[in-house]
Amino acid sequence: GTLGLAYPTTAKSMTAIAEEFSGGSGGTLVIDVNWRPVFWDEYAPAEARRTIQSFLAKYAGGIVKITDEEVAWLFDGEISREDALKDPMRVMEKLPNAQIVLVSAGEFGSSYACRPVGSGEGGCYSGVVPVLQV
């Protein structure tokens, strides 16, 4: 998650690991935005947002998991919670390097958007997964 970016020592370690993965180590970097304001008390919300956006812009080349609430916050209201769930491609557009975006919306379900693997031919695809009653 991005919680560690709020603390300099952890942020440095996270960046080093992300650099290693983005350098072609053969792995897939999975980032859970996991926005929790309580961990960012040393930062103004706008500064925290910029820090997370910058990290995602540079290292979100694999899988990004984000909640509908985090989408609304991270992109400063450009995408509503409802739109994040209904149209995860809009979230994907904001994270152009991500291969997969997973949007969770609690009791309202989840959605996903994926880019084609390989040469990039073919379109992206997406869908909504409803909550299953068990």
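## Basis of the description

Two strands are treated as paired if DSSP finds at least two bridges between them. Helices (H or I, at least four residues) and strands (E, at least two) are DSSP runs, numbered from the N terminus.

The model is predicted, with pLDDT of at least 70 needed for local features and 80 or more for side-chain atom pairs, while totals for chains, interfaces and linings use all residues. Residue numbers start from 1 along each chain as its sequence is written, and side-chain values use heavy atoms, with hydrogens and water left out.

## The sheet

Five strands form an open sheet in the order E1-E2-E3-E4-E5, with mixed pairing. Strand E1 (30-32) and strand E5 (125-129) are at the edges with a single partner strand each, so one side of each has no neighbour in the sheet. From one strand to the next, the twist averages 15 degrees.

E1 runs parallel to strand E2 (residues 63-67), and three bridges join them; Asp-32 has Lys-65 in E2 as its bridge partner.

## Helices H1 and H2

Helix H1 (residues 8-22) and helix H2 (residues 45-59) have axes that come within 10 Å and cross at roughly 20 degrees. Axes are lines fitted to C-alpha atoms, for helices over the stretch in contact, and angles run from 0 to 180 degrees between N-to-C directions. H1 is therefore roughly parallel to H2 (angles under 35 degrees).

In H1, Met-14, Thr-15, Ala-18, Glu-19 and Ser-22 meet Phe-55, Lys-58 and Tyr-59 of H2, where contact means heavy atoms within 4.5 Å.

## Two residues with positive phi

Most residues other than glycine have a negative phi. Asn-34, not a glycine, has a positive phi of about 45 degrees and lies in the loop between E1 and H2. Asp-76, also not a glycine, has a positive phi of about 50 degrees and is found in the loop between helix H3 (68-74) and helix H4 (81-86).

Asn-34 counts as buried at 18% relative accessibility, whereas Asp-76 counts as exposed at 55%. Buried means under 20% relative accessible area and exposed over 50%, with partly exposed in between (1.4 Å probe, protein chains only).

Key: Parallel < 35°, antiparallel > 145°, perpendicular 65-115°, else oblique.
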